[in-house]
Amino acid sequence: MNDSDISIKEGMISLIIPIYNEEDNIDALFDRLDHFISNCKKNVEIIIVDDHSSDATREKVVGHIPTRDYVRYYRLSRNSGSHIAIICGFAQAKGESAVFLASDLQDPPELINELIDEWEKGNDVVWALREKIEGASWLSRFNSKLYVKLFNLMANMPSKFQGADFALLDHKVYKSLLHFTGSRPILGPLITSLGYKQNGINYIKQERHSGKSKWTLSQKINSFIDSFVGYSYKPLRIMSICGILISFIGILYALFLILNKVFYSNPIEGWTSVMV
């Protein structure tokens, strides 16, 4: 189905939740979502996108759906990463706005009402800004802050995002997003690059309910590289300047070899012409 075929429903908010091997968190997740829905000022639809889990996640989620007509479940044909899963959720969303958040309960669903308040003030993007991450090591906190500072410095488009885990997007933002994703989207820089009005609210990121993070070191490194190469001209500019400097040094050295050969008859080992 094309995203243009899905009409926006007034007064509705869509919750996009990517999941991957979270069988131990599913029951607690639905309990928290039920509590949020009972206190939400909007009609809610929940879109769960399974990033091809290999455990009992699918069975656990499907078991909760019959008693909740506001939940829709999709499963990717292969493991593609949480950002792809979120974008697939956007493609099926019908809300005037959409919130994406992780399924590990580190991001409290109860905060969504505050995100909605900021959206209703005219902000198209509302980030949930992590003041603190409970249970995170100092190295993890340092790397997270360093990433954001480097991105703001290199990309020349300062953003409030501190990791693309939890945010609200107006429907015009998430619909626009679908046309600029590419094969390896990084949500934070991608949303920022669209240029819509944004704001943020602070919160404390909680410890995981159970299990371990599926965000591996290799994924973090790849995301770091993709962010800078894909959303900033500065890495290319730096490489170009380095190339020019190295070429200039090479030319100067070649001139030195020629002059040393012609005027001082003191060639270096081997043929000077070959070295030049």
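Guide: What follows is a short talk about one serine and some charged pairs. This is a predicted model, in which local features need pLDDT of at least 70 and side-chain atom pairs count only at pLDDT 80 or more, while totals for chains, interfaces and linings use all residues. Residues are numbered from 1 along each chain as its sequence is written, and side-chain values use heavy atoms, with hydrogens and water left out.

Visitor: Is Ser14 buried or exposed?

Guide: Ser14 is buried, with a relative accessible area of 0%, where buried means under 20%, exposed over 50% and partly exposed in between (1.4 Å probe, protein chains only).

Visitor: And what does the side chain of Ser14 reach?

Guide: The Ser14 side chain comes to 2.9 Å from the backbone nitrogen of Gly95 and to 3.4 Å from that of Lys94.

Visitor: Switching topic, how many salt bridges are there?

Guide: The structure has 11 salt bridges, each being a side-chain nitrogen of Lys or Arg within 4 Å of a carboxyl oxygen of Asp or Glu.

Visitor: Which residue does Arg32 pair with?

Guide: Arg32 pairs with Glu110, their closest N and O atoms lying 3.1 Å apart. Because Arg32 is in helix α1 and Glu110 in the loop between β4 and α4, the pair ties together parts 78 residues apart in sequence. Helices (H or I, at least four residues) and strands (E, at least two) are DSSP runs, numbered from the N terminus.

Visitor: Which residues are linked in a network?

Guide: Salt bridges link Lys41, Lys42, Asp117 and Glu120 in a network.

Conventions. Polar contact = N/O pair within 3.5 Å; in protein donor to acceptor, adjacent residues only side chain to side chain.
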